[in-house]
Structure formats: structure tokens, C-alpha cells
Amino acid sequence: MPDARAHHPGHRIPKQLHRFLAAGACAVAILAAGCASRPTSPSSPSSPSTPTVRSSPLSDEQSNSIAIHALGLVGTPYRYGGNTPAGGFDCSGLIGYVYRESVGQAAPRTVARMASFGQSVPTAEMRTGDLVIFGAGTPTHAGIYVGANRFVHAPSTGGEVRLDRLDGIYWSRQPVQVRRPG
């Protein structure tokens, strides 16, 4: 008898996302087995509702946690001003939620302020968990880099959080800067 869960719509994962998640899980396993993460400096105790402001870079494990958390929110509805899975997300709300829940770090609430968050990183040195910020002059959009030239973002009204390619037709033509919070 076939497994009934295989046909339940709540258990479907788009094939492209499923392959990407599988590749990401392999990469995380290889990283964990093959090299040690840089030690993180101890942070002051804080409650879960009080994000920690870090002065040292995020570890590889924390960066991967951010990317995995962001991927898990693909499909959440877009909502202007939204910052929770239940209420939906706009682009900065998504980033703030993921950073707070994954590593307890506060992120600026606006894309314009994210342009000076953390440190600037050359695009050739991007790693999972980095922010990709789009726009010339005052930035207009942002997402979370998840590896393999892809990023997760909440694109527009009527849409939903999705996974896109930086080298896609639209995004490759946009001015982009990379920020590494830490």
C-alpha cells in the first residue's frame, strides 16, 4: 500500500528546492566533518526576546544556520511591513526574523540601514548567510545569500518568499552589494 503522506499537499517540496536543500545538507555535513569552525567569542547572556549584538564575525555554523532557516521560509506570503511567518514578510522583515531566530542577532528594519550593517564583502567572497542588497544610491531590496549563486527574499506585494538566482536575467542587471553581519 502506498504511503498516504506522499500525496498530501502539505508534504510537497518543489523539486528544485528539494535538490537545493539536499545539496545544502551535504555541504553542511562536509563542512562539519572536514574542518573546524572558528571559535566564537562568548556573548553576554540574554533572553531569547533580546537579540545579541555581536562584534565578531559569524561562525560558519551560524552562517549555514541562517541560510537553512531562510530556505525553510520559502513560500511564506509577502506582506508590506510583515516580520513573522504567520503575518507574512517584506524583505527587511524576513532578514530581521531569520537573523533573530537563527543567531539571536538584531538586524536593521529598513533596507537603507542594512547597507551599512556589518562589513562590506566582495561578491567573489560571498558565503551563506551574507546579505545581498540591491539598488544604486539608496538600496531598494535585500535578501539572504544561501549558496550556489542563489538567495532567498520576499520580492513584492502579491508574491511570496522565494529562492532566486543572482545570475538570473533580472537580478544580474541590478547593482548589488554584499554585507556580512557579525
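This report walks through the sheet, the helices packed on it, the nonpolar cores and the salt bridges of a predicted model.

## Ground rules

Since the model is predicted, local features need pLDDT of at least 70 and side-chain atom pairs count only at pLDDT 80 or more, while totals for chains, interfaces and linings use all residues. Residues are numbered from 1 along each chain as its sequence is written, and side-chain values use heavy atoms, with hydrogens and water left out.

## The sheet

Let's start with the strands. Helices (H or I, at least four residues) and strands (E, at least two) are DSSP runs, numbered from the N terminus. Two strands count as paired if DSSP finds at least two bridges between them. Six strands make up an open sheet with antiparallel pairing, in the order β3-β8-β4-β5-β6-β7. β3 (119-121) and β7 sit at the edges with a single partner strand each, so one side of each has no neighbour in the sheet. From one strand to the next, the twist averages 40°; axes here are lines fitted to C-alpha atoms, for helices over the stretch in contact, and angles run from 0 to 180 degrees between N-to-C directions.

Now for the individual pairs. β4 and β8 (residues 176-180) are antiparallel and share four bridges, with L131 partnered by R179 in β8. β5 (residues 141-147) and β6 are also antiparallel, joined by three bridges. The hairpin they form has two residues between the strands, and A148 takes a positive phi near 55° there. On its other pairing, β6 meets β7 (residues 162-165) in the antiparallel sense over four bridges.

## A look at β6

Strand β6 (residues 150-153) is covered on both faces: R150 and V152 on one side, and F151 and H153 on the other, are all buried. Buried means under 20% relative accessible area, exposed means over 50%, and partly exposed is in between (1.4 Å probe, protein chains only). Across the strand pairs, F151 stands opposite Y145, while V152 stands opposite L163 in β7.

Contact means heavy atoms within 4.5 Å. With 13 residues, α2 reaches 18 Å from its first C-alpha to its last, close to the 18 Å expected at 1.5 Å a residue; the expected span is 1.5 Å times one less than the number of residues. Buried residues in α2 include Q62, S63, N64, I66 and A67.

α3 lies across β4, β5 and β6, running at about 45° to β5. G93 has its place in this helix and is buried, with a relative accessible area of 2%. Leaving aside neighbours within four places in sequence, G93 is in contact with G82, N83 and R109. The C-alpha atoms of G93 and A154 are separated by 8.7 Å, although these residues are 61 residues apart along the chain.

## Nonpolar cores

A nonpolar core is a set of buried Ala, Val, Leu, Ile, Met, Phe, Trp, Tyr and Cys residues joined through side-chain atoms within 4.5 Å. The largest one has 27 residues, and Y99, L131, I144 and V152 have the most contacts inside it. The elements giving two or more residues to this core are α2 (60-72), α3 (91-103), α4 (111-114), β4 (131-134) and β5. α3 gives the most, with seven residues.

Beyond its neighbours within four places in sequence, Y99 is in contact with residues including L58, I66, L131, I144 and P181. Another core lies apart from the largest one: it has nine residues, among them V121, M126, L166 and W171.

## Salt bridges

A search of the whole structure turns up five salt bridges, each being a side-chain nitrogen of Lys or Arg within 4 Å of a carboxyl oxygen of Asp or Glu. In one of them R109 pairs with D90, the closest N and O atoms being 3.0 Å apart. R109 lies in the loop between α3 and α4 and D90 in the loop between β2 (88-89) and α3, so the pair ties together parts that are 19 residues apart in sequence. R109 is partly exposed at 34% relative accessible area, whereas D90 is buried at 9%.

R162 forms a salt bridge with D164, with closest N and O atoms 2.8 Å apart. Here R162 is partly exposed at 37% and D164 is buried at 17%. The side chains of R165 and D167 also meet in a salt bridge (2.8 Å, N to O); R165 is partly exposed at 32%, and D167 is partly exposed at 43%.
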